[in-house]
Amino acid sequence: MIERARASAPDVEFKPGSLGALPFPDERFDLVMCGLALTHLPEISRAISEIRRVLKVGGSAVVADHHPMAGFLGGSAIFQDKERYYRNVRSFVHAHSEYVSAFIAAGLEIRERHEPRMTEEQASKGPLFAVSPKAFLNGTVGMPVALIW
C-alpha cells in the first residue's frame with residue numbers, strides 16, 4: 001500500500017510504523033487522521049493512546065473505521081490481489097463502548113460521531129453485488145457502513 005501511495009503522491013514523505021508505537025515525537029501534529037486501520041487490531045486502546053501522544057494539545061483527531069454492525073454480520077476489508085482474486089484482511093469487531101473507553105483513557109474528548117449508511121450506489125459497486133444483486137441490495141442498503149469519531 002505504501003508503494004501505491006508513493007506512486008500517487010511522490011512529494012509526500014511516508015513513514016512506515018506501528019499503530020502501537022507511532023514513529024513521531026510527542027505533540028507533533030495539529031491533526032491526526034486514522035482511517036480504516038483500527039478494525040485490523042485485536043485491541044485498540046494502545047493505538048488510540050498513541051494518537052493522543054502525537055497530537056498537540058488543542059489538536060483534533062479523526063478516527064474512521066468499519067462500523068461494528070458490519071463486522072458482526074461478517075463484513076471485512078475485501079481487496080483484489082495481483083492475480084485478481086478477492087481476499088480479505090483479518091478484522092476485529094470493536095463496539096462503540098470500546099472506542100469511548102479508549103478515548104477517555106487517552107484523555108481525548110469526543111466531539112462528534114457519525115455513522116454513514118450504505119447507499120444503493122455504493123452497494124452496487126461492491127464485489128459481492130454480482131453474486132446476487134437483489135439480495136445484496138436488500139441486505140446492505142441502509143446499514144451503517146462506517147463509524148467516524
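Which residues of helix α6 (residues 133-140) are buried? I find Phe 136, Leu 137 and Thr 140. They lie on the same side of α6, because they cover an arc of only 95° around the axis (the arc of the directions from the helix axis to the C-beta atoms). Buried means under 20% relative accessible area, exposed over 50%, partly exposed in between, with a 1.4 Å probe and protein chains only. On the other side of α6, I note Lys 134 and Asn 138 as exposed. The cover over the buried residues of α6 includes α5 (120-124). Just after α6, Gly 142 has a positive phi of about 95°.

A note on provenance: the model is predicted, local features need pLDDT of at least 70, side-chain atom pairs count only at pLDDT 80 or more, and totals for chains, interfaces and linings use all residues. Residues are numbered from 1 along each chain as its sequence is written, and side-chain values use heavy atoms, with hydrogens and water left out.

Next, the whole protein. I list 6 helices and 5 strands, taken as DSSP runs numbered from the N terminus (helices H or I, at least four residues; strands E, at least two). Along the sequence the pattern reads α-β-α-β-α-β-β-α-α-α-β. The C-alpha atoms fill a box of roughly 50 × 35 × 25 Å along the principal axes. Of the 149 residues, 24% count as buried.

Last, Val 93. I place Val 93 in the loop between β4 (86-89) and α4 (96-106). Val 93 counts as partly exposed because its relative accessibility is 31%.

Terms used: Contact = heavy atoms within 4.5 Å.
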